[in-house]
Amino acid sequence: MRRPLVAGNWKMNKTAAQAVALVNELMPGLKGISDVERVVCPPFTSLPSVHDLLKNTEIGLGAQNMHFKASGAYTGEVSPEMVKEFCQYVILGHSERRQYFAETDATVNEKVKAALAMGLTPIVCVGETEKEYDAGETKAVVTRQILAGFAGIAAADAEKIVVAYEPIWAIGTGKAATAEGANAVLKDSIRPAMSQLWGEAAAQSIRILYGGSVSAANAAEYFKQPDIDGALVGGASLKPADFVTIVTAAKK
Ligand code: PEP
């Protein structure tokens with residue numbers, strides 16, 4: 001049984017004081033939901049204060065990125081150990097990182113290995129551009145991202161990975177993929193690629209989230225799909241009532 005997981009990617013939003021206020025608003029609503037792993041991923045600057053707030057709650061904390069090196073002359077970067085000091089999760093390979101910060105499948109691979117070695121749960125994003133979607137290249141793109149992004153990772157470690165399928169054309173656009181369409185990509189492309197790497201049992205045990213304009217209104221449709229195990233939520237995760245509705249809808 002794959003346990004549902006809903007993670008909120010706050011992106012570059014909220015000061016530390018605003019983050020504390022948002023988490024304070026979220027906590028009562030997220031308290032009673034026992035069967036869904038729920039995670040907030042604020043900017044780095046808010047991690048210490050949000051970490052203190054979430055102590056002794058069942059709400060997990062994630063970073064939105066990290067470097068793969070342990071330490072050194074990498075100005076502006078944050079190491080796996082620094083993330084681990086506050087977080088249990090880390091989002092890796094988000095399309096905005098790939099698009100604006102030159103992340104590649106090779107750097108994602110290094111980061112996934114570093115996260116696993118540090119005992120963090122990586123939430124690894126894959127997904128095609130609109131052009132690739134229109135050209136019918138979705139399967140080829142996500143297969144390449146999975147095979148290259150997870151190269152050299154053992155099956156035993158793979159089970160700790162969470163994948164988020166985020167078609168780039170659906171992120172922040174209000175143009176969400178259909179639930180059936182998203183499920184088909186998970187079932188026919190992403191799980192088969194994972195099966196190629198680690199075998200069918202592992203491929204079936206790894207959680208795959210959908211992300212891209214998930215809202216309080218459409219979330220339940222995704223969670224009805226057999227292969228969708230939760231959501232990576234951007235915009236709607238900044239609205240406490242909406243995020244609580246989405247987490248509640250993920251309960252099996
Ligand atoms: C995201 O940032 O991962 C995301 C899916 O954003 P949104 O929900 O706003 O489309």
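A: Two strands are taken as paired if DSSP finds at least two bridges between them. The model is predicted, and the part considered here is strand 4, residues 89–92.

Strand 4 has a pairing with strand 3, which covers residues 59–63. Two bridges link strand 3 and strand 4, and the sense is parallel. Within this pairing, Tyr-89 of strand 4 has Gly-62 opposite. Strand 4 also pairs with strand 5, residues 121–126, through four bridges, again in the parallel sense. Here Tyr-89 faces Thr-121 of strand 5 as its opposite residue.

Next come the side chains. In a regular strand, side chains alternate between the two faces of the sheet. In strand 4, Tyr-89 and Ile-91 point one way, while Val-90 and Leu-92 point the other way. Tyr-89, Val-90, Ile-91 and Leu-92 are all buried.

The remaining topic is the cysteines. A disulfide is a covalent bond between the sulfur atoms of two cysteines. The structure contains zero disulfides. For Cys-41, the closest cysteine sulfur is that of Cys-87, at 7.6 Å, so the two are too far apart for a bond; the cut-off for a disulfide is 2.5 Å between the sulfur atoms. Cys-125 is likewise in no disulfide, as its nearest cysteine sulfur belongs to Cys-41, 9.5 Å away. Cys-41 has 0% relative accessibility and therefore counts as buried. Cys-125, with a relative accessible area of 2%, is buried too.

Conventions. Residues are numbered from 1 along each chain as its sequence is written. This is a predicted model: local features need pLDDT of at least 70, side-chain atom pairs count only at pLDDT 80 or more; totals for chains, interfaces and linings use all residues. Side-chain values use heavy atoms; hydrogens and water are left out. Buried means under 20% relative accessible area, exposed over 50%, partly exposed in between (1.4 Å probe, protein chains only).
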